[in-house]
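Subject: Structure handover

Hello,

Here is the structure I promised to pass on. Please open it first, then read the notes below it.

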Amino acid sequence: MTEITTSRAERPAKDAVKDESMLKQKAMMAGHYDRLTSATERGEKVCATFVPGNLNELIMCFDFANNLPEVNAIQNGLRKKSGRYVMESEKLGHSEDVCTYVKSDIGMMAMGNLAPNGKPLPSPDVLLLSYTGCFTFMKWFELLREQYQCETIMLHTPYEGDGWVTENMRNYMVKQLKEEVIPKLERVSGVKFDIDRLRENLKRSAVAEDDLVYVLQSAKNKPSPIDAYFGGIYYIGPIFGAFRGTDDAIDYYRTLRAEVQDRLDNGRGPVTPEGDMGEEKYRLVTEGPPNYTSFRDFWKMFYDEGAVVVASSYTKVGGVYDFGFRHDPERPLESLAEYCLGVYTNRSLPQRVDMLVDYVNEYEADGLLINSIKSCNSFSAGQLLIMREVEKRTGKPAAFVESDLVDPRYFSAANIKNRMESYFQMVDQKRAGVKGAAA
Amino acid sequence: MKTFIGIDLGSTTTKAVLLDDNADVIGRGITNSRSNYDTATRVAKLEAIIDARLTLCRRALKDDVPELAGRLDDFLTRLELGFRREQFLEQLRDLEQTCIDHIDGDRFAGQESAVTDVLEAVFSKLRDEAAEIYGPNAERRSDFFRDIAGSRYLAVAEDLAKQAGLSYDLLLNVYDKSIIEVENRPPSEDMSGKFLRSLEELVNEAPEFGVDAATVERAVKSALGVDLEEAYLVGTGYGRVTLPFSKEHIRSEILCHGLGAHMMYPDTRTVLDIGGQDTKGIQVDPEGIVENFQMNDRCAAGCGRYLGYIADEMKMGLHELGPMAMKSTRSVRINSTCTVFAGAELRDRLALGEKREDILAGLHRAIILRAMSIISRSGGISDQFTFTGGVAKNEAAVRELRKLVVENYGDVTININPESIYTGALGAATFARRAVN
C-alpha cells in the first residue's frame, strides 16, 4: 500500500496523468510529512506503527502523529532512493535476504532519516506493534527499539490458523488493549483515553470504508473503471495509513467514488500514468505486493496489453473490508481487535485461496497472476500451492513472476515482460481453443 | 505450394522451420544468431528453404527415378554437399573481393599490391581445398561459413604472409573488417543454379548411381520449380521483439515450445526445455495448449551457457563434456549451481585429485537437479514427458534426467527428438499454419 508523492524534480520525464483524487492525496501526504517533520518543534508526540493492524483511530485519541516505516520504505522505493538505503543497511550488517522494507528503513535512518520533504523525521516516542502475523515486524521493532530506546508496546494478534476468529481470540486482544496498550499510550502521551473520541473516529472510518468498498467493487463492471492493483495502491493509501478515521479520508473517498462513478457512467476504463487505458482485453486477479522501484514499468506491462487488475489481495493487507467488516463505533475495542485479526496477511493459506477463488469468479477474471517477493517469506511461502489450488478450482490459468519490494536489483524487466507476454498469449489460447490459438 | 514459416530467435542460434499445407516439416535451417537477428532470420529462413528444396527433390526423385531406391539418401547427401560447396565458393569470392577492397589506409601504404598478391594466393588455396572440405567423407566441425573459411584463412594467410615477408597483422586486419560484412550480406538468389551445377557434377562424377541424366535433371528441375509461397510467418524466441514483425506474427517461446513438443509427440503433457540462457518447465493440455509454466529467475545457472563455461574452464569442446561424463563411475557432488562458483568448485575438486569424468558427472547432475526444481514448480511431470533444447543432445544430462525422473515420478515415457533444437520453430510454424487455415 502507499500514498504516492513525487516531487517535481524527481518525476519521470513524462508527467503522469492525475485525477483530482490523486492530487488531493498528494496534498494530504505532503501535509502528513510536514506534520511529522515539525512534530518535535510543535511539541507533538510521535507513534511509529505498521500498516497491517494499524490502530490509527486509537493513536489519534492520544494526539500522536503516526509514522509508518513501511510507507517511508515505499516512498523511497518509488523515489528511487531505496537502492542506496538497502546497500547502506547491508554495510551495517543486514544480510542480502532480509526484508527490504526493513533494510530501506534502517539505511534511511543511517543516512539522515529524511522524509520526502527533505526534512528529518522525528524520533518516535512510542513503538506500537499491533500485528505479528509477520515475524519480521517484531525483529524490525527490536531494531527500532535499540535505535530509539523508547517505550515499545506489543499487541499480539493471534494468527487465524483455523480459518476463523473465536470469541477467545477477540477477548484476548480486547484485554491487551485495555490492560497494556491504552495505559501505555496514556502514559507516553499524557492524554487521558476517551472512548467517545474513539467512537467518533471509528464512525468516520466506516464512512470512508463504505466508499472504498464501492470503488473496489466497481471493478466487477466491464470494462472495469479502475485498476485494483496499481491504481488500487493509490486508493488504499489514506485508509491504510495515517488518515483512517479523519475527515480528510472521508473527503478523499467521496471524491474518488464520484470519479469512479463518472468513469462507470461514461464506460471509461481505468486511469493509467499515460491517460485512460485502451480496450480492456484481460481481467486479472493479483496476489502479492507490487514492485515499487519499477512500479510504472511494471504497470505499463499490463496496460500496454490491455490488461486490467480487477481484484488484488495486496490491497487488503491493511484491512479486508469487501466481505462486510466495518469499524464499529458501538463495539470500539472489539472492532479494532477484529480489524487486526482479519487483515489479509493474518489469514491462513486456505482462507487466502478462498478469497482469490472468490475474486476470480466474482470479478469474472481471466486468471490469477502472482508477483512473488524475494525478500518476503511471510507473503511468499505457500504461493505456488495457492496458485495450483486457484487454478484447479476456477479452471483459469495462473502465472508466477518474481521481483522484490524496494530492492531495485531484483527487478528483471526483460524476464518479467517475457513471462507476462507468454501469460497473456496463454489466456488467449485458453479462451479460443485450438483454432483460435493462432488468431 | 503454400508454406508456413516459424523462426526461433535464440540467444545462441536462430532456427527456422517450413511446414507445408499438410503440416509436414519440409525444411529446417539453423544459423548462429551473431547479435544480428535480422541477418540471422534471413539466413535461417534461407537454410530452411534449401532444406525444403532437398525435400522436394527427394519426393520427385522417389517417384520419377525408381532406380535410386535404397540409394536415395546417399544421392541427396552428395547433391547437398555439391550445393554447399558451390555456396562456399560463392561466399569465398565475396570475401576475397571484400578483403581486397579493404586494403586501404596508412598501414598498407606501399604494400597494397603485395597484400593483394598474398590474398589472391590465399583464396586460390582455399578454393582448391573446397572439394576436399565438401568431399563425401569429409568431417566438418561446423557448418557455418565463418568457422570453416575463418579457420583455414587464418592458417593459410599466416603461412603465405611469412613467405612473402609481410606482416600477418595486415591480413588479419582486412579479414576482420570483411568477414562481418560478408556474413551479413544477403546470399545470392541463384539457388537453382547451384543445385543444378552440383547435380551435373554428381551425375558426371558418380556413375555408380547409374541414373539417366536427363530423367534426374527433369525431376530435380521440377522440384526446384515449385513455387514456395510464404503464406504466414511467426517469430519467437528472445530476439523476437527486435524484429520488424507485427504483433500478430510474434508468439512467446513458451507457447511455441509447448506446441512444438505436442507436434512431435502428441501425448506430451510436460515439456522441459534447457536452452542457452533459460530453463523452462511447461505443462500442456491434450491440444498442446500451455496450462502452466515456470522458468529460471534472475540467474541462468544450469542452462546451456553454463556447460559452455565449464567446457572453457576444462579446456574441452562443448560436445566432449557429455561423452567424458559418461565414463564416470562415481559422481562427485557439486553443490553450487552458480556458474562462477561451479567453476571454483570444479578447480577445487581437481586439486583434490578427483577425476575429470566424475566431476563432470556431478556437474551434469547439478544442472538436472536445478531443472527438476523448475519442473516441480510448474506442476511436476505427467506422462508423456518431452525434453527439448540444446542440452537434450548431451547424453550425460539425459542419463541424469532419466534417473531423477524415475526416482521422483516413476515410470514415465521420456521423449527426446533428434531434431529437438527445432521445437520452438516448429511450434511457431504451426501457429503460422493455424493462423491461415
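Start with chain B, which is divided into domain 1 (1-65 + 213-265 + 421-437), domain 2 (82-183) and domain 3 (269-416). These bounds come from an automatic or database domain assignment. The C-alpha centres of domain 2 of chain B and domain 3 of chain B lie 39 Å apart.

Some ground rules. Residues are numbered from 1 along each chain as its sequence is written, while chains are lettered from A and ligands numbered from 1 in the order in which they are written. The model is predicted, so to speak of local features a pLDDT of at least 70 is needed, side-chain atom pairs count only at pLDDT 80 or more, and totals for chains, interfaces and linings use all residues.

Confidence

pLDDT is the predictor's confidence in each residue, from 0 to 100. Chain A has a mean pLDDT of 92, with 95% of its residues at 70 or more. Watch residues 1-13 of chain A, where the pLDDT is below 50. Beyond near neighbours in sequence, that stretch has 30 contacts in the model. Where pLDDT is low, the predicted coordinates should not be read in detail. For chain B the mean pLDDT is 89, and 98% of its residues reach 70 or more. The model scores ipTM 0.73 and pTM 0.82.

Sheet in chain B

Helices (H or I, at least four residues) and strands (E, at least two) are DSSP runs, numbered from the N terminus. Two strands pair if DSSP finds at least two bridges between them. Chain B has an open sheet of five strands, in the order S7-S6-S5-S8-S9, with mixed pairing. Strand S7 (290-295) and strand S9 (414-415) of chain B stand at the edges. Each has a single partner strand, so one side of each is left without a neighbour in the sheet. Strand S8 (residues 385-388) of chain B pairs with S9(B) in the parallel sense over two bridges. There, B:Phe385 stands opposite B:Ile414 in S9(B).

Sheet in chain A

Chain A has an open sheet of four strands, ordered S2-S1-S3-S4, with parallel pairing. Its edge strands are S2 (65-67) and S4 (151-154) of chain A, each pairing on one side only. The twist averages 25 degrees from one strand to the next. Strand S1 (residues 46-49) and strand S3 (residues 126-129) of chain A pair in the parallel sense over three bridges. A:Ala48 stands opposite A:Leu127 in S3(A). Helix H6 (residues 135-148) of chain A packs on the sheet and touches S1, S3 and S4 of chain A. The direction of H6 makes about 175 degrees with that of S3(A). Axes are lines fitted to C-alpha atoms, for helices over the stretch in contact, and angles run from 0 to 180 degrees between N-to-C directions.

A helix pair

The axes of helix H4 (residues 82-91) and helix H5 (residues 100-110) of chain A come within 7 Å and cross at roughly 85 degrees. H4(A) and H5(A) are therefore roughly perpendicular (65 to 115 degrees).

Where the chains meet

Residues are in contact if their C-beta atoms, placed from the backbone, lie within 7 Å. By that rule, 21 residues of chain A are in contact with 18 residues of chain B. Helix H15 (383-394), strand S10 (398-403) and helix H16 (413-436) of chain A each supply at least two residues of the chain A side. The largest share of that side, eleven residues, comes from H16(A).

Best wishes

Methods: Two residues are in contact if their C-beta atoms, placed from the backbone, lie within 7 Å. Angles under 35 degrees count as roughly parallel, over 145 as roughly antiparallel, 65 to 115 as roughly perpendicular and the rest as oblique.
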